[in-house]
Amino acid sequence: MFDSLSGRLERLGASLRSRGRLSDADLAEALAEVRSALLEADVELSVVRAFLDAVAERVRGENVSQSLTPGQHVIKAVHEQLVEVLGGSALKVTYASRPPTVVLLAGLQGAGKTTTAAKLAAWFKQQGRQPYLVGTDLQRPAAVEQLRVLAAQIGVEVYSDNSDPVTVARTGVAEALRLGRDVVIIDTAGRLAIDEALMAEVRAISAATSPHYTFLVIDAVTGQDAVHTARAFHESLELSGVVVTKLDYDARGGAVLSARGVVGRPVVFASTGEKLADFDLFHPDRMASRILGMGDIMSLIEQAERSMDPEAMAESAQRMMSGAFTLDDFMAQLNQIRKMGSLGGLMRLMPGMTRDMREAAKNVDDGQLNKIEAIIRSMTRHERRDPSIIDGSRRSRIARGSGSSVTAVNQLLKQFDQMKKMMKQMGSGSTPQLPGAMGKMAQMAARGAAARGESLPAGFEALASGMKSGAPTAAPAGGAKGKKKKGGRVTPPKQR
Amino acid sequence: MIVVWIVLALVVVVIALALVMRSRRRRATVGAAPAPRAAMPEVLVTQVAPRPEIDDSPGLDRRLASSRTIFDRVRTITSVGALTKEQLDVVEEVLLRSDVGVRTTSALLEELRSHGAPAGVASAIRESLMSSLSGDRSVRTSADEGRVPVWLFVGVNGVGKTTTIGKLAWRETQAGRSVVLAAGDTFRAAAADQLQLWADRTGADIVRADEGADPGSVIHDALGRAQARHADLVLADTAGRRANSTNLLDELAKIRRVADRGPGQVVETFMVLDATTGQNALSQAQEFLAAAHVTGIVLTKLDGTARGGIVVAIERELGIPVKFVGVGERAMDLLAFEPIAFVDSLLSA
């Protein structure tokens with residue numbers, strides 16, 4: 001989301017790097033750049049000013065370190081301030097001593113409350129809780145219906161009736177208690193902060209259910225108005241935090257900073273895609289790193305942890321490094337990856353990615369993955385194990401069977417082959433501790449970070465050291481070569 | 001086939017992650033005796049911290065308070081002729097706060113600086129804003145002989161496309177036209193139900209299909225029905241989509257092609273835009289313009305505190321005029337766009 005901001009800061013860094021000491025004029029120029037970058041990212045004007053003041057103070061207050069160029073110094077100050085603004089007083093979600101824990105969602109029309117309610121329920125379910133959804137949006141046609149459809153996908157029940165929002169909320173909580181559910185998520189109708197009647201209604205819902213958490217759901221592409229909305233809802237409801245949606249939309253997301261700046265409440269959850277899995281706790285420090293283009297390997301690890309079978313993966317990793325990697329393994333992993341969420345979202349988290357690669361990844365969708373899968377599925381078992389037997393006539397058969405072209409089949413085979421060779425080389429080659437390309441990627445990222453004068457994101461080092469201990473333990477698993485143990489059988493709830 | 005590379009790269013990373021996780025797990029199991037998974041305790045944490053007071057960081061508060069009056073200040077600048085730096089700053093702030101955007105604001109300021117303000121600042125800004133909003137706002141309701149006119153609605157998620165269609169259906173049926181609604185949003189859960197309710201309310205005809213159906217086929221069917229029943233207008237809904245995904249935009253381009261062939265003729269493509277949207281609206285407009293030949297904007301949710309100033313930038317840079325504005329939830333809360341009223345609301349409030 002903050003792509004353009006990080007890009008600008010990088011360019012800014014480049015222009016300042018060539019100069020000697022940071023004069024007042026340079027600082028002013030740098031801050032002007034930061035200002036328009038923030039404004040273009042939709043950060044609210046007062047928040048921008050407060051932010052710039054704080055950055056200026058940081059830059060002036062600190063001793064200029066010998067190892068940093070003036071440009072890096074400014075970037076560092078911006079980074080620190082971002083972490084502070086985004087991260088101060090983070091909220092840890094705890095549960096009520098007397099269940100159910102009640103969560104109330106409020107926000108403008110179209111911010112994504114209903115989808116967020118379902119995603120939040122899925123999240124709680126993953127935490128081992130038994131969520132229950134209450135739909136009080138009796139206003140928008142078919143809103144409750146939308147909630148029911150989404151809830152059915154994650155296997156959560158919904159309560160709603162046709163009385164009135166306050167009664168529905170009260171009855172819903174009582175019903176959750178009766179059913180022994182321990183988390184209740186109340187979805188409310190979208191409303192404008194200046195609509196007195198509707199704000200009174202949501203206050204009444206809040207009074208009737210005394211929620212433990214009240215979250216404002218806010219759209220990441222909101223402009224200057226974000227502060228008015230956040231402030232008005234905060235005054236009415238005493239927000240405990242903010243859920244930001246549609247973070248995958250674009251380079252903006254200034255609304256996050258604005259809302260954070262004006263209500264002083266943390267952003268708790270972030271939604272980054274259309275899939276129900278594209279939702280997680282908001283991590284300010286990681287976001288700050290992402291703003292500056294450093295990737296976010298910790299989030300990636302967590303997403304992986306939730307959705308894959310590490311034993312099966314380690315086994316095929318072993319085969320990969322020994323050169324016995326087959327198209328079957330490839331398919332199994334493809335399915336694992338699909339379970340983790342959208343490709344574009346995953347790519348954004350990877351460190352060491354170039355802008356072009358990210359751009360390309362944005363446009364990869366399930367359709368294209370389906371195509372790859374179709375090609376592989378159109379091969380016989382023999383062919384999948386040993387692609388080298390695929391001759392001209394087999395190729396055209398595969399192309400016909402998968403509804404693609406011979407060129408596409410060729411390309412897939414060629415690239416698979418290259419990749420396989422590369423992996424084998426790396427598996428036995430120069431960086432024995434790090435599995436192949438990952439090692440290279442780590443080096444790339446390290447170089448990039450060094451060039452920027454930043455230390456590696458903490459998570460990355462953890463990963464690198466984790467790998468060192470991980471690779472040797474994987475070695476004995478090599479004996480299990482021929483055994484086929486496929487992960488990735490479970491397909492995520494179908495959405496599109 | 002860069003896709004393959006990306007997938008392979010991810011495969012490598014994911015495998016690496018698997019190794020990390022496995023080693024972590026190993027370490028955990030080797031070290032400690034296998035701790036039995038504790039049953040979920042009744043009480044995890046009681047609400048420890050009392051709910052904190054409303055945070056009123058004084059500096060910010062004062063700043064915000066001052067921002068409310070700044071709109072008045074621009075009107076009180078009565079000086080004539082060249083503008084001082086302070087005056088330009090006030091104008092800049094007003095424009096930025098209305099989401100007009102950095103680039104357009106600087107351009108407008110440049111105009112002000114060079115032209116001066118012979119009749120006062122307020123009227124000078126109004127004039128340059130008005131000249132930015134000079135596009136053709138007529139709405140086409142008729143197609144070529146024998147073809148059915150189609151209005152296509154595009155936009156990102158949650159801007160109010162379906163509601164806008166409902167309101168326009170009401171408006172058009174009130175005007176005596178027979179309308180067919182095409183429930184082309186087959187992705188969002190219950191979107192068709194929502195449109196169905198509008199159809200029931202307005203008496204418009206509706207063509208819908210199951211969730212997950214091909215939107216193109218829904219629109220195709222709607223065209224068939226419209227032709228058979230000699231309807232005057234087809235309003236075609238589409239699923240909300242990110243404007244930065246080529247695939248979703250390609251799909252949209254395809255939908256438009258379907259709507260524009262055979263009996264159908266797309267006479268208007270409306271991009272529905274939420275007034276609270278900030279600078280992202282510009283890239284939305286750019287992408288939708290390229291993919292679906294947007295001919296007009298419907299600016300929704302203008303009844304809130306948001307000013308929707310970004311449409312000035314959109315019209316200046318891309319030449320897409322705003323044609324309707326949404327100002328409430330009732331069927332009649334959709335109005336033709338009035339540049340003068342809009343500019344005044346940007347500068348006042």
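Two colleagues discuss a predicted model and ask what lies behind each label.

Biologist: How do you know how far to trust chain B?

Modeller: Chain B averages a pLDDT of 80, and 76% of the residues score at least 70. Over residues 28-70 of chain B the pLDDT is below 50. Beyond near neighbours in sequence, that stretch has 33 contacts in the model. The model as a whole scores ipTM 0.74 and pTM 0.69.

Biologist: Why is A:A277 called buried?

Modeller: The cut-off is 20 or more other C-beta atoms within 10 Å. A:A277 has 25, so A:A277 is buried. The residue sits in the loop between β7 (267-271) and β8 (279-281) of chain A. Its C-alpha atom is 8.0 Å from that of A:A122, a residue 155 positions away along the chain.

Biologist: Is A:D42 buried or exposed, and how do you know?

Modeller: A:D42 has 30 C-beta neighbours inside 10 Å, so the residue counts as buried.

Biologist: What is flagged about the phi of A:K246?

Modeller: A:K246 has a positive phi of about 60 degrees, and A:K246 is not a glycine either. Its place is the loop between β6 (241-245) and α10 (254-263) of chain A. With 30 other C-beta atoms within 10 Å, A:K246 is therefore buried.

Biologist: Why is the bond from A:P99 to A:P100 called cis?

Modeller: Look at omega: the value is near 5 degrees, and the bond is cis. Most peptide bonds are trans. A:P100 falls in the loop between α4 (70-87) and β1 (101-107) of chain A.

Biologist: Now chain B. What is the order of strands in the sheet?

Modeller: Eight strands form an open sheet in the order β3-β2-β4-β1-β5-β6-β7-β8, with mixed pairing.

Biologist: What makes β3 and β8 of chain B edge strands?

Modeller: β3 (205-207) and β8 each have a single partner strand, so one side of each has no neighbour in the sheet. From one strand to the next, the twist averages 25 degrees.

Biologist: How do you know that β7 of chain B pairs with β6 and with β8?

Modeller: Pairing needs at least two bridges. Strand β6 (residues 296-300) and β7 (residues 322-326) of chain B share three, in the parallel sense. B:I297 stands opposite B:V322 there. The chain crosses from β6(B) to β7(B) through helix α11 (residues 310-318), and this β-α-β crossover is right-handed. On the other pairing, three bridges join β7(B) to β8 (residues 334-336), and these strands run antiparallel. B:G326 has B:L334 as its bridge partner in β8(B).

Biologist: What makes β7 of chain B mostly covered?

Modeller: Four of its five residues are buried.

Biologist: How do β1 and β4 of chain B pair?

Modeller: Strand β1 (residues 148-154) and strand β4 (residues 233-236) are parallel, over three bridges. B:W151 is opposite B:L235 in β4(B). Helix α10 (residues 280-292) of chain B packs on the sheet, touching β1 and β5. Its direction makes about 170 degrees with that of β5(B).

Technical notes: Residues numbered from 1 in each chain as written. Chains lettered and ligands numbered in written order. Predicted model: local features only at pLDDT ≥ 70, side-chain atom pairs only at ≥ 80, totals over all residues. Buried ≥ 20, exposed ≤ 12 C-beta atoms within 10 Å, placed from the backbone. Helix = DSSP H or I, 4+ residues; strand = E, 2+ residues; numbered from the N terminus. Right-handed = clockwise from strand over helix to strand, strands pointing away. pLDDT = per-residue confidence, 0-100. Contact = placed C-beta atoms within 7 Å. Axes fitted to C-alpha atoms, helices over the stretch in contact; angles between N-to-C directions.
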